[in-house]
Amino acid sequence: MTLKLPVLFLSALILSVFLQVSIDSERKPAAPVFEAPEELLLGFLGGLSVTIADILWIRVDEYFHGHEAEEGHAHRHAGEAPATQEGFKRITEVMPFLRVITWLDPHFVRAYQVGGWHLAFNLNKPDEAEKFLKEGLKFNQSRYEIYAELGKFYLEKKGNPLEASLHLSRALEHPVSDAYEKKGLCILLAVSLERQGRLDEALKTWRMAGGIDPADMLIKARIEELEKGKVIP
Amino acid sequence: MRRILVIAGNTFLLAVRRRHLHIITIFTALILAACSLLSFFDLGVQVKFLKDLSMAAAALYGMAITVVLVTNQVPGEIENKTIYPLMAKPLGRVEFILGKYLGTLMMIFLNLGIIGIELLSLIWWKEGIVEMNLLKAISLIWVEMALFSSLCLCLSLLLSPPACATLSLILYFLSHSKTDYLHYLIGGAESDYTRWIFRAFYYLLPNLENFNLRDSVITGAHVSFLYVIKAGIYGISFTVVFLTLACLLFRKKEL
């Protein structure tokens, strides 16, 4: 009995070291979002950081909704464009919140989407938007949303249909649960392919969009135009 | 073994009679129910919120009841002098510690089971599916609490209950956060000597982040059964480490 416990202690400790090595090979620790010491500070928050990010998101949403009520826009959401100078100011004030949310929870995809959109289209800071979205992509490569957001950004802001089609194709490789969202991505991909002159691939993508929503007359018309060769890239 | 089970049963019954535990459980259950009523976001964010907040609530709840239950188990027996008649019986000190540990663990598992069922039901209500990742996450929270309670029990033999509770909380948060930071330090260490010190810290302290599947629950990323089993054995082996340490400490403790 005198020896049994220390032997048990040591063998369990050695087993746990081996298991940790094995677990590390399967679950690689994420690259730190920050350099130390901020990473350490965040680390001390442990699992709470994600909860704090959620609470901050509630503040962001309330901020938008609160001002909408004052302005009478009952259905405006956090990601939409500002209608007034006041709206522009509001976005500028909310951006630091979105930055902190993504620091606290790098998997908060919606915050990256909303932040990237506002930076690119409302605050006219395309370089910052690209950097922000690419940071989001680094942490969320298994999700379609940020690929899709980058695709929209390259197509509509940068006018770079090649990059847009690359990102939109990657987005569609991931599961997209919402059929209308998927249809929208197919349409954007088809447009970016058309702009590159890749009409055969564009036609295939339009058909894919048509398959999702067969009643959409605009898609039908576009497919017919492409089939008749009436489209000028 | 029978003597261990008798002590465990008795400890469990004593824990059931502690009303503040039921209050914590009811409070957590209400928080989880309230999370599901956050309906002013779009659906994707709403489900993310429910999963995020409910997983955080379940983990913090597990930690809270573990600290409340374990820190005063053995010191309470010594302070109330109820340990002396027990020690006068043919009962080994190791059996006493194991019985106490098993009894509190039964209570922790029962409470976490209630919260886990509520969580699974809420997600099923929102998404219409029984989420496998959530099941795996809850089972790993159980293992995590088994490990954490053995750590608390070990500390309770060295420190007073308030000091033990404080240090347990600090260790809980540190063990959750050390992974990324120590990896960062190991990568950035200039000499082999410091690298080995950081490595020793990394491997010889329990890594509670191994049991955190929250990201996978939220993003839907696949978690293999092999991983769950490995993390489970890792938790059990560290539990054995702390329990043996507790037994060694208690054997030498003057009562």
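Figure 1. Buried residues account for 44% of the 233 residues in chain A; buried means under 20% relative accessible area, exposed means over 50%, and partly exposed lies in between (1.4 Å probe, protein chains only). This is a predicted model, in which local features need pLDDT of at least 70 and side-chain atom pairs count only at pLDDT 80 or more, while totals for chains, interfaces and linings use all residues. Residues are numbered from 1 along each chain as its sequence is written, chains are lettered from A and ligands numbered from 1 in the order in which they are written, and side-chain values use heavy atoms, with hydrogens and water left out. Chain A has 11 helices and 0 strands; helices (H or I, at least four residues) and strands (E, at least two) are DSSP runs, numbered from the N terminus. Among contacts in chain A with a separation of 6 or more, 55% join residues 24 or more positions apart, a contact being heavy atoms within 4.5 Å. The accessible surface of chain A is about 12100 Å², with 61% supplied by carbon and sulfur atoms; such areas come from the Shrake-Rupley method with a 1.4 Å probe, and for residues only the protein chains shown count as cover.

**Figure 2. Now turn to chain B.** Follow chain B along its sequence and you will read α-α-α-α-α-α-α-α-α-α-α, a total of 11 helices and 0 strands. Of its 255 residues, 53% are buried. In chain B, 79% of the contacts with a separation of 6 or more are between residues 24 or more positions apart. The chain's accessible surface is about 11500 Å², and carbon and sulfur atoms make up 71% of that area.

**Figure 3. A look into the largest nonpolar core.** Which residues touch the most other members of this core? They are L98(A) and I101(A), in a core of 125 residues. Helix α7 of chain B (residues 132-156) gives the largest share of this core, 15 residues. A nonpolar core is a set of buried Ala, Val, Leu, Ile, Met, Phe, Trp, Tyr and Cys residues joined through side-chain atoms within 4.5 Å. Setting aside neighbours within four places in sequence, the contacts of L98(A) are W57(A), V60(A), A111(A), V114(A), G115(A) and F132(A). In soluble globular proteins, nonpolar side chains tend to be buried together.

**Figure 4. Two rings brought together, F96(B) and F250(B).** Across all chains there are 12 aromatic pairs, meaning rings of Phe, Tyr and Trp (its six-membered ring) whose centres lie within 6.5 Å; planes under 30 degrees apart count as stacked, over 60 as edge-to-face and the rest as tilted. The rings of F96(B) and F250(B) are stacked, because their centres are 5.5 Å apart and their planes meet at 20°. This pair links distant parts of the chain, 154 residues apart: F96(B) belongs to helix α6 (residues 93-127) and F250(B) to helix α11 (residues 225-252) of chain B. F96(B) is buried at a relative accessible area of 0%, and F250(B) is buried with 0% as well.

Figure 5. With ring centres 5.4 Å apart and planes at 70°, Y234(B) and F238(B) form an edge-to-face pair. Both of these residues are buried. They lie 4 residues apart in helix α11 of chain B, so about one helical turn separates them. Ring pairs join F211(B), Y234(B), F238(B) and F242(B) into a cluster.

**Figure 6. Charged ends over rings.** Over the ring of F250(B) sits the charged end of R93(B), 5.4 Å from the ring centre. Likewise, the charged end of K136(B) is over the ring of F225(B), 4.6 Å from its centre. A charge sits over a ring if NZ of Lys or CZ of Arg is within 6 Å of the ring centre and within 35 degrees of the ring normal.

**Figure 7. Loop residues with positive phi.** Most residues other than glycine have a negative phi. N124(A), a residue other than glycine, has a positive phi near 55°. Where is N124(A) found? Look in the loop between α5 (109-122) and α6 (126-139) of chain A, where N124(A) is exposed at 51% relative accessible area. K81(B) also has a positive phi, near 65°; K81(B) lies in the loop between α4 (73-79) and α5 (83-88) of chain B and is exposed, at 55% relative accessibility.

Figure 8. At 1.5 Å a residue, the 35 residues of α6(B) should span 51 Å, the expected span being 1.5 Å times one less than the number of residues. The end C-alpha atoms of α6(B) are 50 Å apart, which agrees. After α6(B) comes G128(B), with a positive phi near 75°.
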